[in-house]
Amino acid sequence: MAALGALPLQSGRAVPRRTIGWATALAAGLMIGVAYALMTVALDRGAIQSGVGALAGIAGVAAARARLHAGNAFQLGSVHAIPEGAAIGGAMAVSVPFGLMMAATLAVHNIPEGTVTIASLRPARGLGMSTLLAVVANVNQIVFGIAAFAAVQAAPALLPWLLGFSVGALLHLVFAELLPASYQAAGRTSIALVTIVAVAIVVLLHDGAS
Amino acid sequence: MNPATQVFLAALVTAVATGLGALPFLVVRSMSPRVVAYAYALAGGLMLGACFGLVAAGTEFGATQTVLGGLIGVIGILIAQWRLKDRPIVFGGADVASARQMVLLLGVMTAHSFSEGVAVGVSFGGGEALALAITVAIAVHNIPEGLAISAVMRSKGQSVPACAAWSVFSSLPQPLMAVPAFLLVDWARPVLPYGLGFAAGAMAFMVLDELLPEAYVRGNHTTVALLTSVAIIAMVLFQHAL
């Protein structure tokens, strides 16, 4: 799905900064919505485990970000894919509809995220190569999704930890990267609106899937 | 003790508890731009965490109604921002921009207390009301909300007693609404998801449109993000435990 993020960039003209900001806010809102849905499910399966898992997720992303080169969109994309994969794997273990809802939401979220990644890589690498890199950066998602699902199948007690980890990691990514970048690109009010609408969509989907 | 006196005492306890949220600011002396940024991030995280709880509670009564309520809440804040825009607001001796933001925040938090009051009334409606348990739960729940309000107001140069007093004020609608909602539970139940959604939408918009952007401008992005995300998790766990 990240490759679809290349579509808005086909015209070859520079993408307006505002559009990038809104795409980022859309991705951010979907991630907050996913975190909300995962947290409601995780709390019922162990509040302390999900809480500690969430703090570990925050710490994990903070540590990963501290080690990465700032502004390397490919590496950052790969970091995003880990908690997203874990979220899908964990959600699948909760129930198939919930897992499918999570996978669909994160797939849609990969489109604007792909647009942002490709737009930042394109000046150096060209559109085709950037699109390929954006997709490769998301391959982790499949690997971690399967690994998470297998781990939770083998040891169901891990589930609240895993869900909590995804929640913390996703939230920290939103507040450390997506939101500050989107505010700089498009100002505050439109970003707040796009983010809230995206969260609302996931809240409705989550209700439909449970 | 007659029921009216009990309600009054419960109201007093829960409202006063909100004021406890101002206490940490007796220790925090300096209010440099960086401290302000982190106070905003803390307030923003606590409010977003509260939104998670409001939405979760609202969807139990109806997800569509909750989301509609949320959109009304966002529109409500947009209108309030627009109405307050060019007014010479006087509040606590602060400049107009700070006064506007404090009035908006207090409006949002007070409005959210109305919905929470209805929620408390409805959740105990029909069942045996455990007055002490309700009182303790609301009271403790209110402390971090007072912390959020105080974090913003203290940043605007308000005194700690003023922060505490306004925090208490913001919670007064809770017991006031809980009693009629409890008595008129059949009437209150269908309205509740709209109210909870309204509170969540208004609070989330206030955070995303005012508090977080200002936190990012004044402070280090990573630290703001850490405070916000940890505050969300802490608030969600805290409310879940109650």
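What percentage of the 242 residues in chain B do buried residues make up? I looked this up before anything else. Buried residues make up 55% of them. Here buried means under 20% relative accessible area, exposed over 50%, and partly exposed in between, with a 1.4 Å probe and protein chains only.

**Ground rules**

I am working from a predicted model, in which local features need pLDDT of at least 70 and side-chain atom pairs count only at pLDDT 80 or more, while totals for chains, interfaces and linings use all residues. Residues are numbered from 1 along each chain as its sequence is written, chains are lettered from A and ligands numbered from 1 in the order in which they are written, and side-chain values use heavy atoms, with hydrogens and water left out.

**Entry: the two chains**

I listed the elements of chain B and found nine helices and zero strands. Helices (H or I, at least four residues) and strands (E, at least two) are DSSP runs, numbered from the N terminus. Chain A has eight helices and zero strands. I read its elements from the N terminus as α-α-α-α-α-α-α-α.

Of the 210 residues in chain A, 53% are buried. Next I checked contacts, meaning heavy atoms within 4.5 Å. In chain B, that share is 86%.

**Entry: the nonpolar core**

I then looked for a nonpolar core, a set of buried Ala, Val, Leu, Ile, Met, Phe, Trp, Tyr and Cys residues joined through side-chain atoms within 4.5 Å. The largest one holds 118 residues. Which of them touch the most other members? I noted A:Leu38, A:Met102, A:Phe175, A:Leu179, B:Met47 and B:Leu212. Helix α8 of chain B (residues 185-218) gives the most to this core, with 16 residues. In soluble globular proteins, nonpolar side chains tend to be buried together.

I followed up A:Met102. Leaving out residues up to four places away in sequence, A:Met102 touches A:Val34, A:Ala37, A:Leu38, A:Ala87, A:Ile88 and A:Ala91.

**Entry: helix pairs in chain A**

I took α4(A) (residues 96-125) and α8(A) (residues 188-209). Their axes come within 9 Å and cross at roughly 155°. Axes are lines fitted to C-alpha atoms, for helices over the stretch in contact, and angles run from 0 to 180 degrees between N-to-C directions. The two helices are therefore roughly antiparallel. For that word, angles over 145 degrees count as roughly antiparallel, under 35 as roughly parallel, 65 to 115 as roughly perpendicular and the rest as oblique.

α4(A) passes α8(A) in a right-handed crossing. A crossing is right-handed if the near helix is turned clockwise from the far one by less than a right angle, and left-handed if anticlockwise. On the α4(A) side I found A:Pro97, A:Phe98, A:Met101 and A:Thr105, which meet A:Val202, A:Leu205, A:His206 and A:Ala209 in α8(A). These residues divide into six nonpolar, two polar and no charged. Ala, Val, Leu, Ile, Met, Phe, Trp, Tyr, Cys and Pro count as nonpolar, Asp, Glu, Lys and Arg as charged, and the others, Gly among them, as polar.

Next came α1(A) (residues 17-44) and α7(A) (residues 159-186), packed at about 160° with axes 8 Å apart. That makes α1(A) roughly antiparallel to α7(A). Their contact has 23 nonpolar, six polar and two charged residues. The crossing is left-handed.

**Entry: a helix pair in chain B**

At what angle do α6(B) (residues 160-171) and α7(B) (residues 173-183) pack? I read about 15°, with axes 5 Å apart. These two are therefore roughly parallel. B:Phe169, B:Ser170 and B:Ser171 of α6(B) make the contact with B:Pro173, B:Gln174 and B:Pro175 of α7(B). I noted three nonpolar, three polar and no charged residues there.

**Entry: single residues**

Is A:Asp44 buried or exposed? A:Asp44 lies in helix α1 of chain A. It is exposed, because its relative accessible area is 64%. I also checked A:Asp44 against A:Pro160: they are 116 residues apart in sequence and 8.5 Å apart in space, C-alpha to C-alpha.

A:Pro123 sits in helix α4 of chain A. At 72% relative accessibility, A:Pro123 counts as exposed. Its C-alpha atom is separated by 42 Å from that of A:Val41, 82 residues apart along the chain.

My last stop was B:Gln239, in helix α9 of chain B (residues 221-241). B:Gln239 has a relative accessible area of 15%, so it is buried. Not counting residues up to four places away in sequence, B:Gln239 touches B:Gly49, B:Ala50, B:Gly53, B:His141 and B:Glu145.
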